[in-house]
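I opened the file to see how the chains are put together. My notes follow in the order in which I looked things up.

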Amino acid sequence: MNFWGYSISEARVIDYDKNDKSLATCLAQNAPSSKLCIGCGGCTATCTAGNLTEFNIRKLQMLVKRGENNEIRQQLHKCMLCGKCTLVCPRGVDTRKMILTLIDYLHRQSL
Amino acid sequence: MELLGKEQIWKEYQKEIADNNYFYARSCIRQTFFPGSEWVYLDILRNKLHKNVIDDPRHTTCTGIGYHSDVVPIETIMTVVARHFALMTEAGYENLTPSCITSFGIYTEILDTWEHHPEIEEKIREYLYKATRREFKKPRNLAHTSDIIYKFRNEIASQILHPLKNIHTGRPLKVVDHIGCHYAKMFPSKGIGGAEFPAVLTGMIEAWGGEPIDYPERRHCCGFGFRNYLVMANRGFSVANSKKKFESMQPYEPDFIVANCPGCAMFLDKWQYTISEMEGITYGANGYGIPVLTYEEMAALVLGYDPWDIGLQMHQVAVEPLLDKMGIPYDPDKKYCNSRGESLGAPKCPTYLKIK
């Protein structure tokens, strides 16, 4: 029991030196088209899941680069893999492959 | 030529500090948690530096903690401060030297407000007169007590018995300085070195033989922040700030921390115990914490005062490893004794933080 009545707040600062970059490395290797993203947000605008939840593929790209894996883990399962984002991407990023690679990597990590 | 240019720029970061005749304003936190600090400051000023200083027992809190916690209205704190000025005027003094950084910030803020809004000053003068029949002159010089010690650091250096050196290795002690936020972050021109180049404590450290450590989070707040600590729901944020600083300074293996703000000294000292109990982490060598001193205690140690006379037993983090490094003699059996030599009883030992 925490008899203090409070605990030490986690820092919200993003520490690029300490954060885990392995997910970004894995994504670059297994879904290399993800590197073509220019962050236009077309994927997010057309996303069915994004219309109903806070799911945001553009933000996902940013979180991967920052190594914020916990938040990625919380968001990924909201994707319904409908593939509409793949159709609208002006850079030809295989977004569905990207999502599946992330799910696979995090699943293997949790085993 | 370049040096002249730098010297010229550095002049802008200096402030005027009175030579003598100080009206002393005590600190709520310092006199509660480090009572020896205020006593030894007055003793050094009177008996080592031979200065005239008055410690008026009618002086009260400035209500700064209440003001910054939104429970004391600004008119109230201004009237309380006006009363302090009135006490100083009645005593025949013009140089105000508060011991507390919060009070220093409050006095500075109020004097600045009155300068820009004389109508507010008139209103406060009226409030004070109606409430107490007192009138006042504004201080001619306002300096924090750390400014005073800084001013006379070389005079103190000439009387040093125990320089800030490790007697076993002969190397200067590595000292982390922490300047209170309200010292110069609100009004940079009112602090030596401004907000960017904190020099008030490093000046003392260098003059007394130590080596200041410039670490990444040097200017980060200790986390006190008044309502951050006072409201329990925010207290985790308060301790997180101190933790950030400890993690940043630990790789430099500092021998001790010195602070000029009473609140910072208290939090940097006591949060080390809290963090150790919550997470089992200690930041000093061999399970000890990093000792935290006030600048008065640092001055007293180098001048040869007895560690227990200046109240170092009041600190949560044990100071004995530092005393051993400096070669300062102390009697472990007298640590928890009163002035008559009677035992006061030893406090309970923390789970992780070594204290003896």
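I began with burial: a residue is buried if 20 or more other C-beta atoms lie within 10 Å of its own, exposed if 12 or fewer, and partly exposed in between, with C-beta atoms placed from the backbone. Helices (H or I, at least four residues) and strands (E, at least two) are DSSP runs, numbered from the N terminus. This is a predicted model, where local features need pLDDT of at least 70, side-chain atom pairs count only at pLDDT 80 or more, and totals for chains, interfaces and linings use all residues. Residues are numbered from 1 along each chain as its sequence is written, while chains are lettered from A and ligands numbered from 1 in the order in which they are written.

**Entry 1: helix H5 of chain B**

I asked which residues of H5(B) are buried. I found B:Ile77, B:Met78, B:Thr79, B:Val80, B:Val81, B:Ala82, B:Arg83, B:His84, B:Phe85, B:Ala86 and B:Met88. Their cover includes strand E1 (22–25), H4, strand E3 (95–98), H6 and helix H7 (118–132) of chain B. Next I checked the length. H5(B) has 18 residues and reaches 26 Å from its first C-alpha to its last. That is close to the 26 Å expected at 1.5 Å a residue (the expected span is 1.5 Å times one less than the number of residues). Just after H5(B), I noted B:Gly92 with a positive phi of about 85 degrees.

**Entry 2: the cores**

I then looked for nonpolar cores. Such a core is a set of buried Ala, Val, Leu, Ile, Met, Phe, Trp, Tyr and Cys residues joined through C-beta atoms within 7 Å. The largest one has 93 residues. B:Val81, B:Met204, B:Phe256, B:Val258, B:Leu268, B:Val292 and B:Ala299 touch the most other members. H5 (residues 74–91) of chain B gives the largest share of this core, 8 residues.

Not counting residues up to four places away in sequence, B:Val258 touches B:Val175, B:Asp177, B:Leu201, B:Leu293, B:Tyr295 and B:Met298. Two residues are in contact if their C-beta atoms, placed from the backbone, lie within 7 Å.

**Entry 3: the two domains of chain B**

Chain B is divided into domain 1 (18–145) and domain 2 (160–334); the bounds come from an automatic or database domain assignment. Taken over C-alpha atoms, the centres of the two domains are 25 Å apart. I looked up the contact as well: 24 residues of domain 1 of chain B meet 26 residues of domain 2 of chain B. On the domain 1 side, helix H2 (28–33), helix H3 (35–48), helix H4 (64–68) and helix H6 (101–116) each supply at least two residues. By class, that side has 11 nonpolar, 9 polar and 4 charged residues. Here Ala, Val, Leu, Ile, Met, Phe, Trp, Tyr, Cys and Pro count as nonpolar, Asp, Glu, Lys and Arg as charged, and the others, Gly among them, as polar.

**Entry 4: where the chains meet**

The contact takes 11 residues from chain B and 7 residues from chain A. On the chain B side, helix H13 (235–249) and helix H14 (262–279) each supply at least two residues. H13(B) gives the largest share, 7 residues. The chain B side divides into 6 nonpolar, 1 polar and 4 charged residues.

**Entry 5: loops of chain B**

Most residues other than glycine have a negative phi. I found B:His50 with a positive phi near 55 degrees. B:His50 lies in the loop between H3 and strand E2 (53–55) of chain B. B:His50 is exposed, with 9 other C-beta atoms within 10 Å.

B:Phe226 also has a positive phi, of about 55 degrees. B:Phe226 is partly exposed, with 18 other C-beta atoms within 10 Å.

B:Ile192 counts as buried, with 24 C-beta neighbours inside 10 Å. The C-alpha atoms of B:Ile192 and B:Gln14 are 5.1 Å apart, though 178 residues separate them along the chain.

**Entry 6: chain A**

Chain A has 7 helices and 0 strands. Of its 111 residues, 22% count as buried.
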